[in-house]
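Have a look at it first, then read on.

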Amino acid sequence: MKSNRIKDNHTLAIQVKNMTKKFKIYSDKPSTLKERLVFWNHNNKKEIRTVLNNINIEIKKGETVALIGTNGSGKSTLLKLMTKIIYPSVGSVVTHGKLTSLLELGAGFHPDFTGRENIYFNASIFGLTKTEIDARLHDIIAFSELEEFIDNPVRTYSSGMYMRLAFSVAINVDAEILLIDEILAVGDQHFQDKCFQKLFELKNSGKTIIIVTHSLDSVKNLCDRAIWVQDGNLFMDGEAKSVIQAYIDEVNRVKA
Amino acid sequence: MKIFKELYQYRELLKSNVKKEIRGKYKGSFLGVIWSFVNPLLTVLVYAIIFPYILRQDQDNYLIFLIVAIIPWNFFVTVLNQGTTTILANANIIKKVYFPREILPLSIVLSGLVNFLISCIIILFFVLFGGLGISSVIFYLPIIILIQFALSLGIVFMISAINVYIRDVEYIVNFVLTLAFYATPILYDASFMPAKIQGLLNLNPMKHLIDAYRSIFYYKQTPNFAALSILALFSFGILIFGYAIFKKLERGFAEEV
């Protein structure tokens, strides 16, 4: 349906082309020699499940896109494919520009290290160098509002504090493309508002943002475009408000 | 060449990973990092005391004869053992974030290298004060280390990736290393072996490396260049091959770990 659109790599941030993703699902996978010897006559049932089926998406630079759909529809898998944590079985996913994903906050946080040390470690996983982290340290700590606790080990943090620190690191990485997976339920109302404000700021400064979410009301204003994924297929793609409305109507219809 | 650019960008992660590998292993023990040097010395001591009784040994300075071989061997074994499981051990971050996966095996081999370079000071200490002294052939050391580094890194790339899919690799590696300890002239000198066995030993790349270390530290002779050049070609071949396998298998890591 979009095949005749002029493709220009300079304006595209993400290009997903004829992409299919299949997962192998083992009912019981023997992983050690002992297990293999003991259970040698068990046939290992292997099932191949198609999680995403022939997806075509083009996201332009500076677009803010919401990925919506029911649980298990393949939204998070799509984000993982865009970050290159996993790779497509068929087709391709190409991204242009520095990309940061907030799939799971605090990846690689070490509970015994202090908040400050974890900022360094977490930011280095995102590909920042020491000088770059030094320059952002103040902003990160200020955004997290954890000044008092920044030199305490992370294991002493409450879950809200933990999330605040992780979000502050990820949002300050300065990526051109930001992938966010259902993490806006961070902290209290005050911090949530602050996160949204920051996302609006990033949007206005021309960053590309892709959000997987179930809190539809909150992204309605932030996103220009919404993509509805249903059972691994691209079901609807268009202006955010109308797609989200269609999705809500469908959910209500099924419920009724 | 994209990999070098990416590794350069992620140098902070590489650095903190190498530090973590060096420090983390002996965390909580009183002597800390010192254990990485005390351990091989204790092993050497045990061999030096026991072996002259079981085997007829007519080597002068058998202790130094052992030290110059066991310390490089230790570098090889440690790196292979840790390298095999490095991808699995980091499963939690592999599943959550993108970063160049090469960093994991690379930081294992680099941290092994750092430990080995420090251990070289122990070797120097022993040859200096053990009455052997050093000669100018010691300048060949960086070349020998570089070859060992390439060989180890190539093997670690290969086995760390395969171990994600077939976890038995871990046990096979363990066994092969135990066997290789005897198939490498560490406790003995290969030239005292029957010709047939020497031919077999020559197939072992580690044999040529250990010979080279021994010739520059112990015999104070220039290493065997013919053997060393073939080994260098072989090692860089393994590095390229191992890296190719790693790249091929890397795509499935997040799903398999």
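**Helices and strands at a glance**

In this predicted model, α4(B) goes past α6(B) in a right-handed crossing (the near helix is turned clockwise from the far one by less than a right angle). Helices (H or I, at least four residues) and strands (E, at least two) are DSSP runs, numbered from the N terminus.

A word on the ground rules: residues count from 1 along each chain as its sequence is written, and chains are lettered from A in the order in which they are written. Local features need pLDDT of at least 70, side-chain atom pairs count only at pLDDT 80 or more, and totals for chains, interfaces and linings use all residues, while side-chain values use heavy atoms, with hydrogens and water left out.

**The helix pair in chain B**

- α4 (residues 62–89) and α6 (residues 103–129) of chain B pack at about 170°, with axes 9 Å apart (axes are lines fitted to C-alpha atoms, for helices over the stretch in contact, and angles run from 0 to 180 degrees between N-to-C directions).
- That makes α4(B) roughly antiparallel to α6(B) (angles over 145 degrees).
- Residues in the contact (heavy atoms within 4.5 Å) include B:F75 of α4(B) and B:F116 of α6(B).

**The sheet in chain A**

- Three strands form an open sheet in the order β2-β1-β4 (chain A), with antiparallel pairing (at least two DSSP bridges between two strands).
- β2 (46–60) and β4 (90–95) of chain A are at the edges with a single partner strand each, so one side of each has no neighbour in the sheet.
- From one strand to the next, the twist averages 25°.
- β1 (residues 12–26) of chain A pairs with β4(A) over five bridges, in the antiparallel sense.
- A:I14 has A:T95 in β4(A) as its bridge partner.

Terms used: Parallel < 35°, antiparallel > 145°, perpendicular 65-115°, else oblique.
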